[in-house]
Amino acid sequence: MKVTLSALDTCESSFTPLVVIELAQDVKDETKEWLKNRIITKKKDGGAQLMFRPLLNKYEKETLENQNLYLVGASNIRLLLGAEAVGLVKESSDSAMRAFTYGTRHSFKGFDDNNDDFLTMAECQFIIKHELENLRARDEKMIPGYPQAKLYPGKSLLRRLLTSGIVIQVFPLHDNEALKKLEDTWYTRFTLKHQPLDSIRGYFGETIALYFGFLEYFTFALIPMAVIGLPYYLFVWEDYDKYVIFASFNLIWSTVILEVWKRGCANMTYRWGTLVMKRQFEEPRPGFHGVLGINSVTGREEPLYPSYKRQLRIYLVSLPFVCLCLYFSLYVMMIYFDMEAWALGLHESSRSEWTSVLLYVPSIIYAIVIEILNRLYRYAAEFLTSWENHRLESAYQNHLILKVLVFNFLNCFASLFYIAFVLKDMKLLRQSLATLLITSQILNQVVESLLPYWLQRKHHMQVKRKVQALKADIDATLYEQVILEKEMGTYLQLPSL
């Protein structure tokens, strides 16, 4: 029997929650009811057709602390139909990677009608996220109860709710049992073996798995360079031909490791189904807005936005802003060279130990400034790219990457090119390169390792106090888990390594 979305029931009171929606404390009841109806309404009527219920304590009641927390999930059939809609690619019985369809579900490896593990945790939460983000206004002119929150046909409801402050956050819910199992196989015991990238991908998704996969690969790839480069660091040779040989090896090494990584990356993404995850017609990204109409190519109802307006935004606003940022980066670089000249002059006049240390201070300050500028520019680039209103996620990512790549390259390496080809000062080049590289690595380690660890320890103490307070009223249940996870930041949603 063919199963369709219109035949699914979304009124079950008991389901496995995958995503939590937190509303503001003063949200009106009519707004909550409207949001609930839009989430559980059938797809053909403009809803997401998901399961939705408030978070209750062990007495099946809402309390003051959880009255604005709502759980979102879906039945197994709904998730499978959603997997077909988003174009997930799975391994079929003949070991080929094919786009999943519900009608041919039995031809895919590992599928069983009685098994709910066919889709990974990350895939299930991605489907829920996709459906929520693609809830769009139809005939509504405003969000009920909030006349100032205007709507028009095609506007993303979740985006408007977030920008209006009605929805505080939407976050995925951890599976504690699966997370504990991943923790035991990943980082609780120090062993010289490969990371469980397939398990990481199954829980956190392909992006996180590729990130840790690249870190592992690049760490091992640096070993031969470290071994060969050690004599060049320990001994100062007057014969510069040896440095030319080392530089040539660097070029060959960087090319080889890049090609090997591309091959390994393609192998992983093919195995995970993302390499061939291309639908015939890519759907508009959730942040894309415009007047609701019929796409002349796909024949689907979706927001329409004139391309000439987007081009005007790119060439009249984004491009001048990027050029201004590049000019500012070069201006900061010239300030750095002025600081270097001042430190060098001070050292030559006194020749003391503290002035020898002072020679490295300009490079350290400049490295910190580079990291700050990179992060500030990243926020600006994301805002501009979102404001340009790209229809497809691929177009959005391409424009964002181009902006970030151009600025980061100039900001990070312009000073080195200037020293090498304009000043032609090998001593300053060696000093600047070493200082910038070491300072950048230290900052990255602090941001990516020490800061998450500190936040985890700090949050752990807060969790202990809150658990003791909660246990007077509840057991260690879903209620407790949601109350604690809603206070986690971005760092704490991932295990602290």
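Two strands pair if DSSP finds at least two bridges between them. In this predicted model, strand β1 (residues 19–23) meets that condition with strand β3 (residues 69–73): they pair in the antiparallel sense over 4 bridges. Valine 19 has valine 72 of β3 as its bridge partner.

Now widen the view to the sheet. It is open and has 4 strands, in the order β2-β3-β1-β8, with antiparallel pairing. The edges belong to β2 (51–54) and β8 (167–172). Each has a single partner strand, so one side of each lacks a neighbour in the sheet. On average, neighbouring strands are turned by 20 degrees against each other, direction ignored. A helix joins the picture here. Helix α3 (residues 121–133) lies across β1, β3 and β8. α3 runs at about 40 degrees to β1.

Next, follow the chain to a helix pair. Two packed helices are described by the angle between their axes and the distance between the axes. For helix α7 (residues 206–234) and helix α8 (residues 241–272), the axes come within 11 Å and cross at roughly 160 degrees. Angles over 145 degrees count as roughly antiparallel, so α7 is roughly antiparallel to α8. The crossing of α7 past α8 is right-handed. Residues of this contact divide into 22 nonpolar, 4 polar and 2 charged.

Finally, turn to the record. An unreviewed UniProt entry lists "transmembrane region" for residues 208–237, 243–261, 314–337, 357–377 and 400–421. In the model, residues 243–261 are 100% helix and 0% strand, with end C-alpha atoms 26 Å apart. Residues 357–377 are 90% helix and 0% strand. Their end C-alpha atoms lie 31 Å apart.

Note on methods
Residues numbered from 1 in each chain as written. Predicted model: local features only at pLDDT ≥ 70, side-chain atom pairs only at ≥ 80, totals over all residues. Heavy atoms only, no water. Axes fitted to C-alpha atoms, helices over the stretch in contact; angles between N-to-C directions. Helix = DSSP H or I, 4+ residues; strand = E, 2+ residues; numbered from the N terminus. Parallel < 35°, antiparallel > 145°, perpendicular 65-115°, else oblique. Left-handed = near helix turned anticlockwise from the far one by under 90°. Nonpolar A, V, L, I, M, F, W, Y, C, P; charged D, E, K, R; others polar. UniProt positions renumbered as here; feature names shortened; annotations may be inferred. Contact = heavy atoms within 4.5 Å.
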